[in-house]
Amino acid sequence: MKKLILIVSSAVALIALSGCGDSPKSNTVTYKYTPAEVYKATCSHCHGDKGEGKAEKKAPAINKKIVQELELDLFDIKNGGLGQSTATEHDVMEHNMQKLTEKGYDYDIKAMANYIFNTFNINK
Amino acid sequence: MKSDKIIEELLGEIEKYEGKMSRREAMKFLAASPVAASVLAGSIGTTQAKASSSATGKIVIVGGGLAGVSTAAKLCNSLSNPDVTIIEPNPKSVSYQPGQTLIGGGVWQKSDIEYKIEDFLPKGVKLIKDSVVSFDPTNNKVKISSGEDITYDYLVVATGLMLNYGGIKGLEGEITSAGENTIVRQKVGKNGVYSIYFADGAVDTYKGIQELIEKAKKHTGTEKLQAYFTDPSTPIKCGGAPKKIMYLTHARLVEAGVRDKVDLIFCPSGSKMFGVTEYHEAILAQFKARNFKWEYKTNLVAIDTDKKVATFEKTWLEKGEYDEDLKEYTMVQMSKEEERKYDFIHITPPQKASDIVGKSPIGSSKGWVPVAQETLQHVKYKNIFSLGDVAALPMGKTGGSIRKQYGVLADNLIAVMEKKEKLPSAYHGYTVCPLITSIGTVMLAEFDWTAKPTPSFPLDPTQERWIWWLLKVYALKPMTIYGMLAGRA
């Protein structure tokens, strides 16, 4: 029996050590609109034409955030949280985003973060 | 049927060995195995085959846990003249944290996870046994608690995170998994309040499960004992642990024949079991099969350990006015607090970057060190990199993430040292959660930032399998301790 355990543990170690691929699975998602089109058609209504935010819409300014913060926020919104069962920090926006996605206004997180930063950031 | 019998037999044998043969001996068997040895040798070979760099510069690594030591080892393997210093106050900083769930479930002992940094310090790396008290990235130096300034050319921030028990009203303390914890243990680790997130707490948790079993054996009446399992609203290390300890508690209650006396209730701050749909659905099915209860958007905010009452904040969205711009009804966030009597509660504490890092110039509004997600380079300071729990990266704060990060970081740091414009390596958010679903089964949930399963093996990743239990209990620790800490796996 010792031998069997040895063989099994070795086999497990073997696949664990050698089996893990480094390259990510290619993820070919195509989007209907560019980030600029999505922003103009949807985001701008609440976050403003220049990302300045609108208090009456309870939409914060997004023109001071660095790319990294924007990426994390957008990930949180689209994924509904940053962990397995951790709450999103954007409860309302997560709901809105689901509605926007249904209407075709989806986007690549990195592309959108870069668009917002490059177009609106006032601290650049 | 035949294969089931083999599995049963094998698991039975392992149970027996757990009595007779120490786990350390089992590890020795594994290490002595020719197959494992050849695999290790193979992976060493590939590392050495890479051309080494003659770039020079003083590298300081803040934090000597798994992330810091693996990075140091990788840099030493890749640089012909490495100048690497690690600053770490805790002599047991490389202890194997993923084993804490197994301690809480009574499968391992605390001694199975304790490892000393001295034994794993790569050759030539200088260790400063002290902690950093301030960062001065403009002048390329950090101050340590002795008052001395440590200068650097390149800095790696690998401090890990703080377990903020004090973030729950009624508890006190902000601690690390292997450090001083007296303040937290005043109320956690007794009277039905437990937490596996620090090693001593994990030892206490197994005692707590046994107390719960004894209580359940004596329990009469129609109302069941109430056992809660929490999951906070901050990012946490090992996102699976809050559930793993619930599965293990269930397994121990079943084993003792008292499962029907206890309600097991999972209360996460969020509204799902997992960010990856396939795993979310698999876990839901597992919860239903075990008669678990769960309440989403239910976050532990306060606890009265004398009265045994936990206060949860429940949040939900309500339909507001119609929004012409959005062409949808707006949503309004609502919340209320609810008190619950508990007999047993497992607390996953809110977690944060240490204020020394988070509130320094290298931190961010949320504390975590902001890095470019793929390159792990600091967004403001090009000679600073960060990895592990303290880095501002989505999803994974796990050893499995670090395994894919430290090589990327070392490659990119060396490119900066060589004054290259383009950083060569990229991290794609890979992480792994070996979700322990019983004593003897694990679901190996691998995923990355695409939020899709990324299985390394040609097996359905949503299935609970005994082979992953063997991986978790017998193979991952030697791979981590002897592979990663040497920069080779």
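Which residues of chain B does the domain assignment give to domain 1 and which to domain 2? The views below show a predicted model, in which local features need pLDDT of at least 70, side-chain atom pairs count only at pLDDT 80 or more, and totals for chains, interfaces and linings use all residues. Residues are numbered from 1 along each chain as its sequence is written, while chains are lettered from A and ligands numbered from 1 in the order in which they are written.

**View 1. The two domains of chain B.** Domain 1 of chain B comprises 47-163 + 354-432 + 471-486, and domain 2 comprises 164-351, the bounds coming from an automatic or database domain assignment. The C-alpha centres of these two domains of chain B lie 30 Å apart.

**View 2. The side of domain 1 of chain B that touches domain 2 of chain B.** The contact (C-beta atoms, placed from the backbone, within 7 Å) takes 21 residues from domain 1 of chain B and 28 residues from domain 2 of chain B. On the domain 1 side, the elements that give two or more residues are α5 (100-104) and β8 (162-164) of chain B, where helices (H or I, at least four residues) and strands (E, at least two) are DSSP runs numbered from the N terminus. Helix α5(B) gives the most to this side, with 4 residues.

**View 3. Helices α4 and α11 of chain B.** Helix α4 (residues 66-78) and helix α11 (residues 399-417) of chain B pack at an angle of about 40 degrees with their axes 9 Å apart, the axes being lines fitted to C-alpha atoms over the stretch in contact and the angles running from 0 to 180 degrees between N-to-C directions. This angle makes α4(B) oblique to α11(B), a class left after angles under 35 degrees (roughly parallel), over 145 (roughly antiparallel) and 65 to 115 (roughly perpendicular). Among the residues making the contact are Leu66(B) and Ser70(B) of α4(B) and Ile402(B) and Tyr406(B) of α11(B).

Note on methods:
Contact = placed C-beta atoms within 7 Å.
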